[in-house]
Amino acid sequence: MARTHLTEVIRDEIRSLPREQFGLPMPTDPRLLRVARALADDPADKRRLDDWAILAGSPVRTLTRRFPIETGFSFTEWRQRVRLMRALEMLADEIPVTTIALDLGYETVSAFIALFRRTFGTTPARYFPRAPARQR
């Protein structure tokens, strides 16, 4: 009885916690939007910041200064976020973690898993529960 009550109290506390949204705010500045769309189209794109600044038609300093103002994230954080959002889509499609990591441009699978765990609190393999196998 006490255990059941404690479980209910814990559940109520968890439900009352503020929910953190995991979204991807897009910049409105046309220069930054060009970069953001290119990265959203191909999250594995490994261009360096200098190359992205050329695409944006703005100095690197402007790009690094404006990205947090426009999106709330540094350029690097935003890039990681776009990759993680694509990873969630791929996980939902049951694509293997190794394939996801390599397709999204991570140097190693462990680097991808570490970032995923840091962001979501669990590994990619455990993020989506798998349906139990059907019994015959």
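This is a predicted model: local features need pLDDT of at least 70, side-chain atom pairs count only at pLDDT 80 or more; totals for chains, interfaces and linings use all residues.

Biologist: Why does Thr123 count as buried?

Modeller: Its relative accessibility is 15%, and the label applies under 20%, so Thr123 counts as buried. Thr123 belongs to the loop between helix 7 and helix 8, and, leaving aside residues up to four places away in sequence, it touches Ile113, Phe116 and Arg117.

Biologist: What makes Leu104 buried or exposed?

Modeller: Leu104 has a relative accessibility of 3%, which lies under the 20% limit, and therefore Leu104 counts as buried. Leu104 is found in the loop between helix 6 and helix 7. Not counting residues up to four places away in sequence, its contacts are Pro43, Ala44, Arg83, Arg86, Ala87 and Met90. With Ala44, which is 60 residues away along the chain, the C-alpha separation is 4.3 Å.

Biologist: How do you know whether Glu94 is buried or exposed?

Modeller: The value for Glu94 is 56% relative accessibility, and exposed means over 50%, so Glu94 counts as exposed. Glu94 lies in the loop between helix 5 and helix 6, and its phi is positive, about 60 degrees, although Glu94 is not a glycine.

Biologist: How many of the residues count as buried in the protein as a whole?

Modeller: Of the 136 residues, 32% count as buried. The accessible surface comes to about 9500 Å², and 53% of that surface belongs to carbon and sulfur atoms.

Biologist: What secondary structure does the protein have?

Modeller: There are eight helices and zero strands, and reading along the sequence gives the pattern α-α-α-α-α-α-α-α. Among the contacts with a separation of 6 or more, 55% are made by residues 24 or more positions apart.

Biologist: How do you know that the length of helix 7 agrees with what its 12 residues should span?

Modeller: At 1.5 Å a residue, the 12 residues of helix 7 (residues 109-120) should span 16 Å, and the end C-alpha atoms are 16 Å apart, so the two values agree. Helix 2 (residues 30-41) also has 12 residues, and it reaches 16 Å from its first C-alpha to its last, close to the 16 Å expected.

Biologist: Which residues of helix 7 are buried, and why are they said to line one face of the helix?

Modeller: In helix 7 the buried residues are Phe112, Leu115 and Phe116. Seen down the axis of helix 7, its buried residues fall within an arc of 100 degrees, and therefore they line one face. These buried residues pack against helix 5 (75-92), helix 6 (97-103) and helix 8 (124-127), whereas the face turned away from the buried side carries the exposed residues Ser110 and Arg118. Helix 7 is followed by Gly121, whose phi is positive, near 80 degrees.

Biologist: What covers the buried residues of helix 2?

Modeller: The cover includes helix 3, helix 4 (60-71) and helix 5. The buried residues of helix 2 themselves are Leu32, Leu33, Val35, Ala36, Ala38 and Leu39.

Biologist: How many aromatic pairs does the structure hold, and why is the pair of Trp52 and Phe75 called tilted?

Modeller: The structure holds eight aromatic pairs. For Trp52 and Phe75 the ring centres are 6.4 Å apart, within the 6.5 Å limit for a pair. Elsewhere, ring pairs link Tyr106, Phe112, Phe116, Phe120 and Tyr127 into a cluster.

Biologist: What makes you say that the charged end of Arg83 sits over the ring of Tyr106?

Modeller: The charged end of Arg83 is 5.3 Å from the centre of the Tyr106 ring, and the distance limit is 6 Å, with a further requirement of lying within 35 degrees of the ring normal. Arg47 likewise lies over the face of Trp52, at 4.2 Å from the ring centre.

Key. Residues are numbered from 1 along each chain as its sequence is written. Side-chain values use heavy atoms; hydrogens and water are left out. Helices (H or I, at least four residues) and strands (E, at least two) are DSSP runs, numbered from the N terminus. Buried means under 20% relative accessible area, exposed over 50%, partly exposed in between (1.4 Å probe, protein chains only). Contact means heavy atoms within 4.5 Å. Accessible areas come from the Shrake-Rupley method with a 1.4 Å probe; for residues, only the protein chains shown count as cover. The expected span of a helix is 1.5 Å times one less than its number of residues. The arc is that of the directions from the helix axis to the C-beta atoms. Rings of Phe, Tyr and Trp (its six-membered ring) pair if their centres lie within 6.5 Å; planes under 30 degrees apart count as stacked, over 60 as edge-to-face and the rest as tilted.
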